[in-house]
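Morning, everyone. I have one structure to walk you through today. Please have a look at it before I start.

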Amino acid sequence: MTQGEPTVELRRVTLGYGGFIAVKDVDLTVPTGTFVTLLGPSGCGKTTILRAIAGLVPALGGEIIIKGRRVNDVPIHKRNIGLVFQNYALFPHKTVFDNVAFGLKYRGVDKAAIEKRVKRALDVVRLPGVESKLPSELSGGQQQRIALARAVVIEPDVLLLDEPLSALDANLREEMRVELKSIQRTLGITTIFVTHDQEEALALSDCVVVMDHGRIEQAGAPEEVYRWPASRFVADFLGQSNLLPGQIIDVANSGATVRLSGGGEILVRNGAGAQLGQAVETVIRAHRVMVRPPGHETGPNLFDGRVQSVAYLGGMAAYVIEGEIGVHAINTIDRQIFREGDRVQVSIAPEDCVLLDDKGLRIGH
Amino acid sequence: MRVTRALNEKSLPIIRYQQLNCIADRFAARIANNASPKNIKNIMSDALTVAERRRPWLLLAPTLITLAVLMVIPMIIMFTYSFHVYLGNGRDQPDFYLGNWAEFFTDGYYHYGIWQTARIAAITTVMCALMGYPAAYCIAMSRFRRKWMLLLLLILPFWISFIIRTLSWIHILGEQGAINATLRWLGLISEPIPMLYNEGSVIMGMIHFLLPYMILNVYVSLEGIDRNLVSAARTLGCTAWQAFREVTLPLSLPGLAAGCLLCFVLAAGSYVTPLILGGPSNFLFGNLVFDAVMAELNWPMGATLSMVLLILLGAIAAIYSRYMGLSRIYKGLSR
Ligand SMILES: Nc1ncnc2c1ncn2[C@@H]1O[C@H](COP(=O)(O)OP(=O)(O)OP(=O)(O)O)[C@@H](O)[C@H]1O
Ligand SMILES: [Mg+2]
C-alpha cells in the first residue's frame, strides 16, 4: 500500500437507518492518491459508508475525518466530495454541459473558467462535443462517463464511486474499468470504489477492503488479501478456495502438520501459534493446488488422486480430485489436460496453506 | 358494383398471401444480412407488428365505442341544437338558424361570464398550486411507512357526496355557522360577519373540491424523481433549498402543470359550487348554461353556450399542452 497522509479516515464509525445498525465500529484509512475498494456481498454496508463520507448518512458514532478535518457536523454541500452513483443520477432536465458545470457553478467559478474546465473534463472522459445533448440521448456507458466527469471536474478531495460499472455490459465494463483506472492515475485523485465484483476489486485497487455484515473483515493490498485471507469469510468470498477441516498433530519450527478429517496429512508453513491438538481449517486456493502426472514431483504434501470431474475454462481447467485428499484445483493447461478418471498427483506448497482457528480467524502471520 | 365486390373478395386472400410472403422474404433477407440473436428478436417483432396490428384496436374498441356513443354523438346532437330556433315556452324547431350564436357574440353579459369564469378559475388554480405543492411534497418525502394511508386520507372526502361537502361550508361560513358562532360567543363581534355568498366563498368551495386533484398530480411526479438526484446536487455544492430549486422543482413541473390544467378546466366548468356558495353576481359560465336550459328551457341557447365552453376549454388544454411542452418534458424524463 502506498504511504502518505490519509485523505479520509474513519474512526470507529457506526452508521444506521432508524433503529437499524448497518455499519458498526468501522476503522478505515485512505491514503492520499490511492484507489481503495470496498468489496462485499450485497447489503453489507458499502453504499452506507460512501454516503456517510459524503454526508448523506449521519454518523451515529465515531469520527469521519477528511483531510485532517473532522466532518461529522459539516453539511453535505460544504464537504468537497465527488460522488458517482450506481445509477449515475445525471440531471435529466439539464444538458451534459449543465450537468458537468453544476458543481463549478455552485463553487462560484466564473463563466469562462467553467467552460474551459468542463471541456477538459469531457476530454478526460473521452467524450468531447456532447455538451448540448441531454443525458437521455446518451448510451449507458456515455452517461457513466458524464457522471464521472461531473464528479471529477470539481477537483474533489475524494472521489466516491458506487458500483459505477454495474449497469454496463461485460465488454463495456472491461473497457471502462481500464479507463477509470487511467483517469484516476492521471488526476491522482484519491478514490473509494464500491463493488461486489471481486475481479474488479483486485484489478483496480491499491487496497481492498473486504466487508461483511457492516464490519471490515480485512483490508490490504489485493495480493495480500487474496493470499492471506484473515478470516474464513474472506477465504470463502474471495476467489475459490478449499476449506479443509482437520486437527494439528505436530508443531515444529518449519510449520505445523494437520491431519485432515477427510484423510491425509498436510504440512503448513504459516502456522505460528497453532496449538497441538487444535481443531483448524486449512485454506488452500484452488489455483495453488497443482495437479501433475503421477510421480512427477518430490517434496512435501504430495497426494495421489484421481480426476473425478473436469471443467474446461479456456486457458484453465477446473478439476475435482478425489483420493488421498479431496480438493478442487484450477490449473493453467500448459501441456495436457487431464481427463475424468486419470490418475494424478496433487502437490500443495506448504507456503500456500493458511490455517483458521475454530472462530474462523487466521492463525499466525 | 357487384363485379368489383366479387373481385375484392377474391383478391383479398391473395393480397394477404402476397403480403405474408413479402414479410417472410424481408424477414429472411434481414436475417441473412445481420443474424445475431439480438437482431433476430428485433426482426421478429417487426414482422409480427403487421400481423398484430389489429390487436390494439380490439383492445381499445370498448372504450372507443363508449366514447362515441356517450360523448361524440351527444355532442354532435348538441351542436346541431345550437342552430335550432327557440319558439318560447320550452319549444324549439330544427333549422339552420345563426341567431343563438349571434346573440352569444354580441351580448356583453356572456363575455363578462367568460371573463369572470377565467378569473375565478385562475385564482382557484393558483391557490390550489400554492396549497397543494407543499402538501404533496410532504407526502412524497415522508418517511412514514404507510404512505398509502396519507393518500387515502386525501381521497377520503370523495366518499362523501360533492353536494354535501359543498353545503357543509354553509355550516362553517354562514351567519349561524361555526366561525360566526364562535366569534360571537367569544364576544369579539356583535353582528355576524358575512362570509358566504361572495366570490371568496365560491373560490373556497372550489379549492376544497379541487385540491386533492392537484396534490395527487404533483405527488405522482415528485414520487417519480430519483432521490439520488437531490443527493447528487447536494454533494456538488447545493444547500437543501438550492437542490430543491435546481432538481426537485423543475422535475415536478410536469405534474404541477397537469394539476393546474385539471384544476383550471374543472373549476371553469363547474356550476354547482357557485350555485350553492355564490351570490347572484358570482356566477360562472356553467351557470349561464344551467339558467338557459333549466330556468328558461331555452335549449338552443343552452346548447350554444355549452359548445362555447367546450371549445374554449378544449382550446386552452390544447394550447397549454403545446406551449408547456408537457409531452416534451415527459420525454426528457423517461430514459
Ligand atoms: N434507506 C434505508 N433505510 C433503511 N435501511 C437501509 C437503507 N439503505 C440501506 N439500508 C440497509 O442497510 C444495509 C446496508 O445497505 P447498503 O446500501 O450500504 O448495502 P450495500 O453494501 O451497498 O449493498 P449493495 O451491494 O446491494 O449495493 C442493508 O441491510 C440495507 O437493508
Ligand atoms: Mg450499494
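Start at ligand 1. A polar side-chain atom of A:Thr48 sits 2.4 Å from one of the oxygen atoms of ligand 1. A word of care here: this is a predicted model. Now A:Lys46. Its side chain places a polar atom 2.8 Å from an oxygen atom of ligand 1. A:Gly43 contributes through its backbone: a polar atom there is 2.8 Å from an oxygen atom of ligand 1.

How much of ligand 1 does the protein cover? On its own, ligand 1 has 630 Å² of accessible area, and the protein covers 62% of that.

So who else is around ligand 1? The residues there include A:Tyr17, A:Phe20 and A:Ala22. Then comes a run on your screen: A:Ser42, A:Gly43, A:Cys44, A:Gly45, A:Lys46, A:Thr47 and A:Thr48 are among them. A:Glu163 and A:His196 also belong to the group around ligand 1. By class, the shell holds four nonpolar, six polar and two charged residues.

Which element gives the largest share of that shell? Helix 1 of chain A does, with three residues.

Next, the two chains. Chain A brings 25 residues to the contact, and chain B brings 22. Between them, the chains bury about 2100 Å². Carbon and sulfur atoms account for 59% of that area. On the chain A side, three residues lose the most area to chain B: A:His77, A:Pro92 and A:Tyr106. Together they make up 28% of what that side buries.

Chain A and chain B share two salt bridges. One salt bridge joins B:Glu246 to A:Lys94, with the closest N and O atoms 2.6 Å apart. There are also eight residue pairs in polar contact between chain A and chain B, counting pairs with both residues at pLDDT 80 or more.

Which elements of chain A supply at least two residues each to the side that touches chain B? Four of them: helix 1 (46-54), strand 6 (81-84), helix 2 (96-105) and helix 4 (140-152). Helix 2 of chain A gives the largest share, three residues. As for the classes, the side of chain A that touches chain B has 13 nonpolar, six polar and six charged residues.

Last stop: salt bridges over the whole structure. Over all chains, the search finds 25. Take the pair A:Glu179 and A:Arg145. Their side chains form a salt bridge at 3.1 Å, N to O. Why does this pair tie together parts that are 34 residues apart in sequence? Because A:Glu179 lies in helix 5 (residues 170-187) of chain A, while A:Arg145 lies in helix 4 of chain A.

That's my tour. Over to you.

Methods: Residues are numbered from 1 along each chain as its sequence is written. Chains are lettered from A and ligands numbered from 1 in the order in which they are written. This is a predicted model: local features need pLDDT of at least 70, side-chain atom pairs count only at pLDDT 80 or more; totals for chains, interfaces and linings use all residues. Side-chain values use heavy atoms; hydrogens and water are left out. Contact means heavy atoms within 4.5 Å. Buried area is the accessible area (1.4 Å probe) that two parts lose on being put together, summed over both. A salt bridge is a side-chain nitrogen of Lys or Arg within 4 Å of a carboxyl oxygen of Asp or Glu. A polar contact is a pair of N or O atoms within 3.5 Å; within protein, one must be able to donate a hydrogen and the other to accept it, and residues adjacent in sequence count only if both atoms are side-chain atoms. Helices (H or I, at least four residues) and strands (E, at least two) are DSSP runs, numbered from the N terminus. Ala, Val, Leu, Ile, Met, Phe, Trp, Tyr, Cys and Pro count as nonpolar, Asp, Glu, Lys and Arg as charged, and the others, Gly among them, as polar. A residue is near a molecule or strand if one of its heavy atoms lies within 4 Å of it. Accessible areas come from the Shrake-Rupley method with a 1.4 Å probe; for residues, only the protein chains shown count as cover.
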